[in-house]
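Open the model in your viewer and keep the selection panel at hand. The stops below go chain by chain, then across the contact.

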Amino acid sequence: MATTDRLTRTAAPEPLVSPVTLLRIAIILAVLAIWEFLAHSGLLYRDVVPSLLAIGKALFDLLSHGDYYFNLGVTAAEIGTALLIGGVSGIAVGILLGANRFLSKAFEGYLYYLGPTPKIIFFPIMIMWFGVGPGSKIALGTLSCFFPVALSVAAGMRQIDKVLIRVGKSFRASTWQMITKIYLPAMRHPIINGIRLGLGVALIGTLLAETKLSNKGIGFLIINAYSTFDMPRMYAMLIVLFVLAIGANALVGRFGGLEGIKRT
Amino acid sequence: MTIAASQQPGTRFVSPALVGVATLLVALLIMELLIQLNFISRFIVPPPSEIVASFGRVIVEEHVFSRFLLTLGECLMAGVMLTVFGIAGGVLMHRVKLLQQACETWVAAMAAAPLVLAYPLFMVIFGRNAWTIIMMGFFAALPPVILKTVEGMASTRKVLVNVGRSFNLTPAQQFWKIMFPAALPTIFVGVRLGLIFALINIVGVEFLINYGGLGQLINDLAERYDLAGTYAAICFVILVSVLFFMALEKTERWLRPID
């Protein structure tokens, strides 16, 4: 009697490179090819679209020069200080507004509507108050950072599980203990989210202020490259800056465990 | 001071809004006193009374209305562009799943990138004119419109899609009669965020490149060291921004009355 082998469904072999990766590579290659074509076509003003080689060379020069790291350090220190001052004051105000409904109704509206206004317009005031040095840049960064942190913390405060608050009160926790043992741990995600938003706007505020009036920092280098029409250098600096900004944003999110939150 | 104890007995009959306004007025009064008594230099902070008095001068002499119209025009242009291209991009990404999988993270990364810092680059490409400002506003505001359009399309209720299928609707009808109206409230959230980003960037770039409407006004007055005028112009820009956000919010509520 003839026998037949048992039919089994064999799994389709996994493609070596997924279609998504292939498409990504294709898009990147297409953009680079169009860029290089534009660079050599003469359709645009010379150097507006420099060749990839020129940008690559400028990128190498930039990263191998100590002067760039000094300016990067200046900007990082300004942003860090702004984030510290704006973040701490934002958390304090957020806790105050989140814990007290009356204060929230009285003042949160001002924060809510002032939050999205363009902060760079306050720069002339900051120069008057803090001078033309790093102080005015830190102040603008602080002002930019304060609003998203305060609003995020206030909203997070109102979402704390009431059971946790009752537990704290049943243990007769003092206000300070309530803040450090109940509120802050329960609000880790809104705080990190606020700081992430705050970092983004503090970075923009500080760097824009540097482009307006400064003699050091990355913003100064960018506007200096524009003034001397050193386009490859400007592109190189923008590339590094965008990578750093996106990386810092992702890092804050990852440290705060925001990746694990289900997005609704 | 906890959420449960938030309603203070003494504050039951006092309107919170009134307390907010009163606090602001008291702060301004204290500032006025400190400046008049020379505790704070009037060459650093002008007295609030001087700022209020300079409002009329700034509005008339600095042609605030025409500047406002210029900024509004730039915002509207950027708004139209980001609505058209943002929604089209979002719909395309929703339709072509492979494109969505490949590009959605890039668009999200673009939202996190400080695009406004590329304004010197835009000045080189478009020149020091309104197009630099409009394009800056457009690019900085594009990611939320794309992302929210994708989200809105993806969250269309299955039952609505099935109703469309049961009526044998063509793909075009399915899109215009079912998908798009269902996604519209979410799309508008994206457009609202986009318009806010556009306004912020447009006024900011106007200030930075000293060209255009309200942003340039602040820069002009600051360079002339007209302190009271600078403060008044900043107050005016804040007022315009706040009214703009309120109008957008009202429109959004009108679009999604259930939420």
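Select chain B and colour by secondary structure. Along the sequence the pattern reads α-α-α-α-α-α-α-α-α-α. That is 10 helices and 0 strands. Keep in mind that this is a predicted model.

Along the principal axes, its C-alpha atoms fill a box of roughly 80 × 60 × 30 Å. Of the 259 residues in chain B, 40% are buried. Take the contacts in this chain between residues at least 6 apart in sequence: 74% of them join residues at least 24 apart.

Next, colour chain B by domain. Domain 1 covers 1-45 and domain 2 covers 59-255. Their centres, taken over C-alpha atoms, lie 35 Å apart.

Move to the core. Which residues have the most contacts inside the largest nonpolar core? They are Met237(A), Ala141(B) and Ala198(B), in a core of 134 residues. Select residues 171-209 of chain B: this is helix H8, which gives the most to this core, with 19 residues.

Show both chains and select the contact. Chain A brings 49 residues and chain B brings 44. On the side of chain A that touches chain B, the elements giving two or more residues include helix H1 (19-41), helix H4 (101-114) and helix H11 of chain A. H4(A) supplies the largest share of that side, 9 residues. Colour the side of chain A that touches chain B by residue class: 36 are nonpolar, 7 polar and 6 charged.

Last stop: select residues 231-255 of chain A, helix H11. Its 25 residues reach 36 Å from first C-alpha to last, close to the 36 Å expected at 1.5 Å a residue. Show the buried side chains of H11(A), among them Met231(A), Tyr235(A), Met237(A), Leu241(A), Ala245(A) and Asn249(A). What do the buried residues of H11(A) pack against? In chain A, the partners are helix H2 (52-63), helix H9 (188-212) and helix H10 (218-227). In chain B, they are helix H4 (97-112) and helix H5 (119-126). Finish on Met237(A): this residue is buried in H11(A), and is one of those with the most contacts inside the largest nonpolar core.

Conventions. Residues are numbered from 1 along each chain as its sequence is written. Chains are lettered from A and ligands numbered from 1 in the order in which they are written. This is a predicted model: local features need pLDDT of at least 70, side-chain atom pairs count only at pLDDT 80 or more; totals for chains, interfaces and linings use all residues. Helices (H or I, at least four residues) and strands (E, at least two) are DSSP runs, numbered from the N terminus. The expected span of a helix is 1.5 Å times one less than its number of residues. A residue is buried if 20 or more other C-beta atoms lie within 10 Å of its own, exposed if 12 or fewer, and partly exposed in between; C-beta atoms are placed from the backbone. Two residues are in contact if their C-beta atoms, placed from the backbone, lie within 7 Å. Domain bounds come from an automatic or database domain assignment. Ala, Val, Leu, Ile, Met, Phe, Trp, Tyr, Cys and Pro count as nonpolar, Asp, Glu, Lys and Arg as charged, and the others, Gly among them, as polar. A nonpolar core is a set of buried Ala, Val, Leu, Ile, Met, Phe, Trp, Tyr and Cys residues joined through C-beta atoms within 7 Å.
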